[in-house]
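Here are a few notes to read with the structure open beside you. Take the points one at a time, and find each residue as you go.

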Amino acid sequence: MNNGHIINIEGLIKRFPVGSGFFTALDGIDLSFGKGEFAGLVGPSGSGKTTLLNIIGSLDSPSEGKATVMGQSVGELSHKKAADLRNHNLGFIFQTYNLLPVYTVFENVEFPLLLLKMDKVKRKKAVMDALDWVGLTDKVKSRPKQLSGGESQRGAIARAMVKRPQIVLADEPTANLDSENSHHILQTMEKLNQDLEATFIFATHDDKVIQYLKRKISLADGKVINDELTPNRT
Amino acid sequence: MIRFLFKGLLRDRHRSLFPVITISIGVLFTVLLQCWITGILGDMINTNARFSTGHVKITTRAYAENADQLPTDLAMIGAEEMLANLKQDYPDMDWVPRIQFGGLLDAPDENGETRTQGTAFGMAVDLLSEETQEINRLNLAEALIQGSMPNESGEILLSDDLAQKLEVAPGQTVTLLSSTMYGSMAMYNFRVAGTVKFGVSALDRGAMILDISDAQLALDMMDAASEILGFNQIGLYNNEEATVLATSYNEAVVDDKDEFAPAMLRLRDQNDLASMLDYIQSFVTMFISIFILAMGIVLWNSGLIGGIRRYGEIGIRLAIGEYKGHIYRSMIGESVLIGLFGSCIGTALGLGVAWLLQTYGFSVGDYMKNATIMMPNTFRAQITSTAYYIGFIPGLFATILGTSLSGVGIYRRQTAQLFKELEA
Ligand SMILES: Nc1ncnc2c1ncn2[C@@H]1O[C@H](COP(=O)(O)OP(=O)(O)OP(=O)(O)O)[C@@H](O)[C@H]1O
Ligand SMILES: [Mg+2]
């Protein structure tokens, strides 16, 4: 990990084939993130936030340039290596929660640990801890469709955090939530960021999220136009 | 992990219950159709064999050419010796002489004047000898409606319909008016022992069953038989066996152009059965193929849709770090389970219903009143070994194939693209 950074992005360009040509969604991004950051990609719709998050999450690969996550170059990873990287080090939180509907809250949170082949006793403890972090221990047996939006997103956060990943990527996590739930979620994530020292990277244009950020990276037309540390809230 | 996936499979009825039902239904119909058609065909062949054609039949060439006229004058003389030779040369077959003839039956009143009259189709078989299998073969005991089986010479069975038409009851006498083998007038009295109904319209219209020795007496056919039928032991027509037999017999016996020389015909060679059987067979093959194909496409499609419906779930599982290969294999594994389960249920149900149809049958007698071909009035299914796999295999493989193809999307698409579909 270069100079203590767990994410390093250099000269990143991402083009999507559109019709006969290409659309450049990311146009020369240079960024790095250290351990324990609480950062956000901010910018108007279409500025490339999700695209950048997907590349950091090894769900997509760069067209040019390099993105190194936990010392591994995302574009050069095999499917399996990329899956291992996500499995061990990355947690995802989506706008639409994306809990698996046929499984209970407990089982949804348990799933990443099954992939890690954690034994049953440790697994159960870890799941209950994660549900405790997000305050969802009373909904262990509920199915996603029995949960409110806020509860669903807390379940999704528990699922992302249960394996204590180094990096958590959250794409518009509050977009479907009301203000009270948004603050609750953000406070939870802020606390987890401190307690677990996980790096959080948001993609958002929600002011409520932006308030909580310690670093705000502004994107426009696939370029970083501003990158600033924000005064610590108290 | 496997338990986890299994739980998901059971809870998601779109993934388990509904596909199983679809597969079961498709498989059920395939199995049933196969048993049904096999049964009808087999019954037709069997009925023809038992009542009319045998598995092979020996007649004079001239008789064979005019068989539909029941020409007793073209019968074979020296039947005893022929039978003895046949039994010696082909001991695996049961050889039986028969005479078929047409005539008028006349029921007299107390003064001996004609009271009622009707045309009869005479079928003379070995009814009275100790070792005869003809009674079983023609199912006479079960076909008996009134009276009893003939147990002495001079007694006959009449089709129940004809007996009603003639207004005669068992115990009464009827007079046969026909022509002898040599063309003169034949007149002979018989006592009606009983009436029968076969469930074969062509026979029920006017059959008269009598012992062959009575027919020989009545028609002046001493030691003659118009036909000698051969039946194999298992009672099922086997065309290859019949072909071998007929070829060897015809080569050995028939060495000149004598139209009174005996010749052996296979079941297929008679009653236009060849063209009918071929026609039915190709029709059936086509029909079943189309049916299986259609079922295959439906199941394939539902496998495909089932897979595509899950791209969202797949996207999440990929994001969490599951291997593509693992997801793909788990989907295939599920489809194998679902396909197996559905195909088993469908095959079991199909065999069950086929069994019912095999045991109880389905009556079509009302539609067959004017049928001239030998065809049973009750259609029965027949379960053959084919029925065990004809639905099962396409049911299983179409499902797996559909899932395999839809699952290829996991590999072909960029992971991020699966997410786009998920967010939508
Ligand atoms: N697979 C793709 N094919 C073609 N164009 C794409 C693809 N994915 C993204 N884009 C384009 O790239 C640009 C950036 O998309 P991106 O999803 O990163 O935006 P965003 O900043 O996340 O926007 P929003 O705030 O609406 O989520 C958009 O103009 C989008 O249309
Ligand atoms: Mg976005």
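**Notes on a predicted two-chain model**

1. You can find A:Met70 in the loop of chain A that runs between β4 (64-69) and β5 (72-73).

2. Now turn to B:Leu70, where phi is near 50°. Here too the value is positive in a residue other than glycine. B:Leu70 sits in the loop between α3 (61-65) and β2 (76-77) of chain B.

3. **How chain B is divided.**

4. **A salt bridge between chains.** Over all chains, a search of the whole structure finds 28 salt bridges. One of them pairs B:Lys7 with A:Glu107, and their closest N and O atoms are 2.9 Å apart. B:Lys7 belongs to helix α1 (residues 2-11) of chain B and A:Glu107 to helix α3 (residues 105-115) of chain A, so this pair joins two chains. Is A:Glu107 buried or exposed? With a relative accessible area of 6%, A:Glu107 is buried, whereas B:Lys7, at 27%, is partly exposed.

5. **A salt bridge across the sequence of chain B.** B:Arg15 and B:Glu334 form a salt bridge in which the closest N and O atoms are 3.2 Å apart. B:Arg15 is in the loop between α1 and α2 (17-53), while B:Glu334 is in helix α13 (residues 324-360), so the pair ties together parts of chain B that are 319 residues apart in sequence. Both B:Arg15 and B:Glu334 are buried. They also belong to a network of salt bridges, whose members include B:Asp12, B:Arg310, B:Glu313, B:Arg317 and B:Glu322.

6. **A salt bridge between strands.** The side chains of B:Arg191 and B:Glu155 meet in a salt bridge, with 2.5 Å from N to O. Why does this pair tie together parts that are 36 residues apart in sequence? Because B:Arg191 lies in strand β8 (residues 185-196) and B:Glu155 in strand β6 (residues 155-159) of chain B. B:Arg191 is partly exposed, at a relative accessible area of 36%, but B:Glu155 is buried, at 6%.

7. **Two patches on the surface.** Which residues gather in a patch of positive charge? They are A:Lys120, A:Lys124, A:Lys141 and B:Arg3. Of these, A:Lys124 is part of helix α4 (residues 120-133) of chain A, and its relative accessibility of 53% makes it exposed. There is also a nonpolar patch on the surface, formed by B:Leu17, B:Phe18, B:Ile21, B:Ile25 and B:Phe29, with about 430 Å² of accessible area together. B:Ile21 lies in helix α2 of chain B, and at 40% relative accessibility B:Ile21 counts as partly exposed.

8. **A helix to finish with.** Helix α6 (residues 140-143) of chain B holds B:Leu140, and B:Ala143 lies in helix α6 as well. B:Leu140 is buried, with a relative accessible area of 0%, and B:Ala143 is buried at 4%. From B:Leu140 to B:Arg310, the C-alpha distance is 63 Å, and the two residues are 170 apart in sequence. As noted above, B:Arg310 is one of the residues in the salt-bridge network. From B:Ala143 to B:Leu217, 74 residues apart along the chain, the C-alpha atoms are separated by 26 Å.

Methods
Residues are numbered from 1 along each chain as its sequence is written. Chains are lettered from A and ligands numbered from 1 in the order in which they are written. This is a predicted model: local features need pLDDT of at least 70, side-chain atom pairs count only at pLDDT 80 or more; totals for chains, interfaces and linings use all residues. Side-chain values use heavy atoms; hydrogens and water are left out. Patches are made of residues with over 30% relative accessible area and no salt bridge: like charges are joined within 9 Å, nonpolar side chains (Val, Leu, Ile, Met, Phe, Trp, Tyr) within 5 Å. Accessible areas come from the Shrake-Rupley method with a 1.4 Å probe; for residues, only the protein chains shown count as cover. A salt bridge is a side-chain nitrogen of Lys or Arg within 4 Å of a carboxyl oxygen of Asp or Glu. Lys and Arg count as positive and Asp and Glu as negative; His and the chain ends are not counted. The place of a charge is taken as NZ of Lys, CZ of Arg, CG of Asp or CD of Glu. Helices (H or I, at least four residues) and strands (E, at least two) are DSSP runs, numbered from the N terminus. Buried means under 20% relative accessible area, exposed over 50%, partly exposed in between (1.4 Å probe, protein chains only).
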